[in-house]
Amino acid sequence: MNPFDLTGPSFLIFYFILSIVVISGFILYRNHCELKPNTPFPKLNDPYKIAFLRGGKNEALRVALMSLIDRKFLVVATDGEIKNRRHADAKFMTDPLELALTAFYNTGHKVEAMYSSSSFDRVMRLLEQDLMQHELLPSAEQREDRDKALFFVLFVLIGVALTKMLVGLSRNKPILFLVLFAVVSVLVLLFQWKKRRTSKGDAILEDLKMLLGGASRMQNAGQGSNLAMTAAIFGMAAISPTMFPHRDTLFRKAAQAGNSSCGSSCGSSWSSGSDSGSSGSSCSSSSCGGGGGCGGCGGGGD
């Protein structure tokens, strides 16, 4: 039977099923390319890499800044400026991001200044390249695979919809619902295509959350590196003000975004505008690309 001869409601059911099948096929193909069976996961124990993987540039900056303040390398002044507190101790630092932050706040800046500064570009490229090397962020080859699959599925979804629309118009039939179905299907597909992390990156984040037993367990683990690891994996919403008193003054929007379960993995790179928003949720691995049904990449820089 020719599906284009189906009545309007019957064709909508057909198109709905077709959309589910081809979009599911796209996701399975993407997972096959990005999460190969029996592929060992890298040992990921750097909180700044984890934060970058989960939420991008701004999330890595937040976690590193919080860690430096907690360890007394930086201090928050009464006017809200952040300043370098112990210049001599910086020589014992080896982490490039911590060194860059310490140098940036040497003369004192507000917290918002770091989000728009180019001082961290080199460090962010290193983080991105390392995560790409471990296939946690999509490489150029993996993006090319996504693109090829995207064009094929778009051809099917749009081609079938347009053909039926032309048939409907030739028979003076309404096509509004079909247009809406097609638009929604394409948006869902683009949402899956634009995922910031690879399927392997999503999987390793979920493993870290399961391994550490949830944010409540991490909150009882103390401060220092454990505090940074908690924020890296679960976001600023997992850090209570008693653990880090400056949370709400420095990272209020990020903490609120985490509490509202808004994801943070929209966008394609650390330098994209999508990373300028308040990120930090645990929903990102499944629906936001995450990162995005959350879709909330935007808002304030803190």
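**Close-up views of helices, loops and rings**

**View A. Asparagine 172 is located in the loop between H7 and H8.** Helices here are DSSP runs of H or I with at least four residues, strands are runs of E with at least two, and both are numbered from the N terminus. The structure is a predicted model, in which local features need pLDDT of at least 70 and side-chain atom pairs count only at pLDDT 80 or more, while totals for chains, interfaces and linings use all residues. Residues are numbered from 1 along each chain as its sequence is written, and side-chain values use heavy atoms, with hydrogens and water left out. Asparagine 172 is not a glycine, yet its phi is positive, at about 60 degrees. Most residues other than glycine have a negative phi. With a relative accessibility of 72%, asparagine 172 counts as exposed (buried is under 20% relative accessible area, exposed is over 50%, and partly exposed is in between, using a 1.4 Å probe and protein chains only). Proline 174 is also found in the loop between H7 and H8. Proline 174 is exposed, because its relative accessible area is 78%. The C-alpha atoms of proline 174 and glycine 8 are separated by 8.3 Å, although the two residues are 166 residues apart along the chain.

**View B. Helices H7 and H8 run roughly antiparallel to each other.** H7 covers residues 140–170 and H8 covers residues 176–193; their axes come within 10 Å and cross at roughly 180 degrees. Axes are lines fitted to C-alpha atoms, for helices over the stretch in contact, and angles run from 0 to 180 degrees between N-to-C directions. Angles under 35 degrees count as roughly parallel, over 145 as roughly antiparallel, 65 to 115 as roughly perpendicular and the rest as oblique. The contact (heavy atoms within 4.5 Å) includes Leu150, Leu157 and Lys164 of H7 and Leu178, Ala182 and Trp193 of H8. By class, 14 nonpolar, one polar and three charged residues take part in the contact of H7 with H8. Ala, Val, Leu, Ile, Met, Phe, Trp, Tyr, Cys and Pro count as nonpolar, Asp, Glu, Lys and Arg as charged, and the others, Gly among them, as polar.

**View C. Helices H1 and H8 lie roughly parallel to each other.** The axes of H1 and H8 are 11 Å apart, and the helices pack at an angle of about 10 degrees. Among the residues in contact are Phe11, Tyr15 and Ile23 of H1 and Phe177, Phe181 and Leu189 of H8. This contact of H1 with H8 has 14 nonpolar, three polar and one charged residues.

**View D. Phe4, Phe11, Phe14 and Tyr15 are linked into a cluster by ring pairs.** Rings of Phe, Tyr and Trp (its six-membered ring) pair if their centres lie within 6.5 Å; planes under 30 degrees apart count as stacked, over 60 as edge-to-face and the rest as tilted. The structure holds six aromatic pairs. One of them joins phenylalanine 11 and phenylalanine 14, and this pair is tilted, with 5.5 Å centre to centre and 45 degrees between the planes. Both residues lie in helix H1 (residues 8–34), three residues apart, or about one turn of the helix. Phenylalanine 11 is buried, at a relative accessible area of 1%, whereas phenylalanine 14 is partly exposed, at 29%. The charged end of lysine 164 sits over the ring of phenylalanine 11, at 5.2 Å from the ring centre. A charge sits over a ring if NZ of Lys or CZ of Arg is within 6 Å of the ring centre and within 35 degrees of the ring normal.

**View E. Helix H2 is roughly perpendicular to H6, because their axes, which come within 10 Å, cross at roughly 80 degrees.** The contact of H2 (residues 47–55) with H6 is made by residues including Tyr48 and Phe52 of H2 and Met124, Leu127 and Glu128 of H6. By class, this contact of H2 with H6 has six nonpolar, no polar and three charged residues. Arginine 196 lies over the face of phenylalanine 52, at 5.1 Å from the ring centre. Glutamate 128, in helix H6, counts as buried at 11% relative accessibility. Glutamate 128 and lysine 57 are 71 residues apart along the chain, and their C-alpha atoms are separated by 9.2 Å.

**View F. Glutamate 135 is in the loop between helix H6 (121–133) and H7.** Glutamate 135 is not a glycine, but has a positive phi of about 65 degrees. Its relative accessible area is 30%, so glutamate 135 is partly exposed.
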